[in-house]
Amino acid sequence: MTILIIGLFIFLGIHSIRIVSESGYRTMVQRLGEGRFKGAYSLLSLIGLVLVVYGYGWARAGQGVLYDPFAGAGHLALVLVPISFILVAAAYVPAGHIKKFVRHPMVLGVAVWAFAHLLANGGTADVVLFGSFFVWAVVDYLNSLGRHIPVLAERPRAKGDVLAVVAGIAVSAAFVAGLHRWLVGVSPLV
């Protein structure tokens, strides 16, 4: 569990710089230069992610149970996760109405993804992992709504929404078809 917690601290910590201090974020970018800042940010993110994945695998093997998911929680997660993938995709495809309405679809997508996994999993490691991502995403989303930065530089088009929905459903289908079992060792259909 220690490796998981250290990984979460590094990964979510580096992704929380703007939550803690927008001016501190800008100062760091100016001081290091954009390229060096992105390089350090990416390296720390990768280190944190590797520790999260490795730590979660170890912690899951010996985890206790904090709660039993309610009947139907897995089915609800199977509805919520595709929505989360659509939201994440909406952040990266050309701007659509989803992005305009939601404003920060990637962060909201992470929150929905984490919440869905909290519903379907009650193990200690599960709650630490998904609970951390859920809390971080909610705090980051609310913080980002408070920033007065225009989200869209371009006019939203339906093409962006179609691409987000197609990409989200395609990724969801891949996970259900076996990618989740291959990556995590458990089928989302169980």
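Is Trp 113 buried, exposed or partly exposed? I looked this up first in what is a predicted model, and at 24% relative accessibility Trp 113 counts as partly exposed, because the partly exposed class lies between under 20% for buried and over 50% for exposed.

**Entry on aromatic pairs**

I then turned to the aromatic rings, for which the count comes to nine pairs. A pair of aromatic rings is described by the distance of the centres and the angle of the planes, and I noted both values for two of the pairs. The rings of Phe 85 and Phe 175 have centres 5.4 Å apart and planes at 35°, so I wrote this pair down as tilted. This pair links distant parts of the chain, since Phe 85 sits in helix H5 (residues 73–92) and Phe 175 in helix H9, 90 residues apart. I also checked the accessibility of Phe 85, which is buried with a relative accessible area of 18%.

For Trp 113 and Phe 133 I found ring centres 5.9 Å apart and planes at 90°, so this pair is edge-to-face. Here too distant parts of the chain are linked, with Trp 113 in helix H7 (residues 105–120) and Phe 133 in helix H8 (residues 124–146), 20 residues apart.

**Entry on Ser 45**

Leaving aside neighbours within four places in sequence, I found Ser 45 in contact with Phe 11, Ile 14 and His 15. At 9% relative accessibility Ser 45 counts as buried, because the limit for that class is under 20%.

**Entry on the annotated regions**

From UniProt, in an unreviewed entry, I took the feature "transmembrane region" at residues 40–58, 70–93, 113–142 and 162–183. I compared two of these ranges with the model: residues 113–142 are 90% helix and 0% strand, with the end C-alpha atoms 17 Å apart, while residues 162–183 are 100% helix and 0% strand, with the end C-alpha atoms 27 Å apart.

**Entry on the surface**

Last, I looked up a nonpolar patch on the surface, which is formed by Leu 179, Trp 182, Leu 183, Val 184, Val 186 and Val 190 and has about 610 Å² of accessible area together. Among its members I checked Val 190, which is found in the segment after helix H9 (158–184) and is exposed, with a relative accessible area of 81%.

Notes:
Residues are numbered from 1 along each chain as its sequence is written. This is a predicted model: local features need pLDDT of at least 70, side-chain atom pairs count only at pLDDT 80 or more; totals for chains, interfaces and linings use all residues. Side-chain values use heavy atoms; hydrogens and water are left out. Buried means under 20% relative accessible area, exposed over 50%, partly exposed in between (1.4 Å probe, protein chains only). Contact means heavy atoms within 4.5 Å. Patches are made of residues with over 30% relative accessible area and no salt bridge: like charges are joined within 9 Å, nonpolar side chains (Val, Leu, Ile, Met, Phe, Trp, Tyr) within 5 Å. Accessible areas come from the Shrake-Rupley method with a 1.4 Å probe; for residues, only the protein chains shown count as cover. A salt bridge is a side-chain nitrogen of Lys or Arg within 4 Å of a carboxyl oxygen of Asp or Glu. Helices (H or I, at least four residues) and strands (E, at least two) are DSSP runs, numbered from the N terminus. UniProt positions are given in the numbering used here, feature names are shortened, and annotations may be inferred rather than shown by experiment. Rings of Phe, Tyr and Trp (its six-membered ring) pair if their centres lie within 6.5 Å; planes under 30 degrees apart count as stacked, over 60 as edge-to-face and the rest as tilted.
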